[in-house]
Amino acid sequence: MTIAYLNGEFLPLADAKIPVLDRGFIFGDGIYEVIPVYHGKLFQAQEHLQRLENSLEKINLVNPYARATWLELINTLIAHNQGGSQIIYVQVTRGVAKRQHHFPENTTPTVLMTSSPFTEPNKVTEGYHVITRPDIRWLNCDIKSIALLGNVLLRQEAIANQAKETILIRDGYLTEGAATNVFVVLQGIVFTPPKNNLILPGITRDVLVKVLHDANIPCQETAVSEAQLRTADEIWLTSTSLEVAPITRLDNQIVGTGKVGAVWSTAWDLLQRYKQQILQAN
Ligand code: PDD
């Protein structure tokens with residue numbers, strides 16, 4: 001039975017209920033995190049909790065728990081769900097209040113945590129297909145907001161076009177995917193857009209930038225134009241669940257040789273090695 005955490009209580013997921021006037025439901029007024037667990041062990045927990053704290057601060061929501069409490073609660077949730085590999089979803093909303101746009105006074109935030117099984121990705125031999133669309137989202141994409149309508153509509157376009165993801169373009173430049181960060185390789189140099197208000201600062205992105213630097217593979221966090229994206233030798237997606245995935249078709253055009261890239265293969269191996277080291281040390 002899947003166990004969830006809701007406002008101080010561990011309970012079966014089916015019994016976790018939230019009042020309809022919760023501001024998460026009414027306004028999408030809340031933030032979330034998605035944290036991977038490999039064989040019972042959290043990966044990059046401090047980084048995910050730091051981003052959770054940043055998101056809360058950016059929407060003026062007081063963090064309901066200290067970092068140590070978050071860790072304790074999450075580890076208890078992992079144990080309740082039989083250890084193993086899981087994805088932990090954490091959501092905090094501004095709580096239940098009379099329906100009015102401005103912040104309510106003295107409302108307790110709602111905290112929900114759920115766990116779903118995580119099938120770790122394998123090193124693929126075939127790349128994925130992606131499409132591009134204009135980035136129609138708001139200008140605070142660095143907040144991991146639960147208000148995901150833009151992302152939902154954009155990801156749905158990928159599915160409708162038999163693609164894995166929709167890569168987003170704003171003012172002629174690559175931002176990110178609907179639920180992923182994007183890397184491109186041009187003449188042996190890896191590029192990924194810089195962290196700013198236009199993208200989510202992905203935890204997998206940061207790990208990948210670090211392992212590439214450590215391996216002396218040139219990697220630049222600089223703006224990537226649509227023209228660079230369209231002429232890239234390799235394109236990769238990163239996210240907690242995908243890790244780093246190769247793209248071999250962009251809007252039905254072949255990327256590079258049309259095969260998974262050599263730099264991607266090295267990046268995949270470096271990421272796996274780093275993950276093993278961190279998990280063994282935990
Ligand atoms: N999505 N960009 C966006 C818009 C995302 O939603 C995500 C993650 C990422 C990658 O971030 P990370 O490497 O920290 O997972 C980038 C999660 C997995 C989700 O919404 O389920």
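**Salt bridges up close**

**View 1. D29 and R94 join side chains in a salt bridge, 2.7 Å from N to O.** A salt bridge here means a side-chain nitrogen of Lys or Arg within 4 Å of a carboxyl oxygen of Asp or Glu. The two partners come from distant parts of the chain, 65 residues apart: D29 sits in the loop between α1 (23–27) and β3 (30–38), and R94 in the loop between β5 (86–93) and β6 (110–117). (Helices are DSSP runs of H or I with at least four residues, strands are runs of E with at least two, and both are numbered from the N terminus.) D29 is buried at 11% relative accessibility, and R94 is buried too, at 6%. Buried means under 20% relative accessible area, exposed over 50%, and partly exposed in between (1.4 Å probe, protein chains only).

This is a predicted model, so to speak of local features takes pLDDT of at least 70 and side-chain atom pairs count only at pLDDT 80 or more, while totals for chains, interfaces and linings use all residues. Residues are numbered from 1 along each chain as its sequence is written, and side-chain values use heavy atoms, leaving out hydrogens and water.

**View 2. R155 pairs up with E165 in a salt bridge, with the closest N and O atoms 2.8 Å apart.** R155 is in helix α4 and E165 in strand β8 (residues 165–170), so this pair ties together parts 10 residues apart in sequence. E165 is buried, at 0%, whereas R155 is partly exposed, at 29%.

**View 3. Here D135, R137, R170 and E176 are linked in a salt-bridge network.** Overall, the count by this rule is 18 salt bridges.
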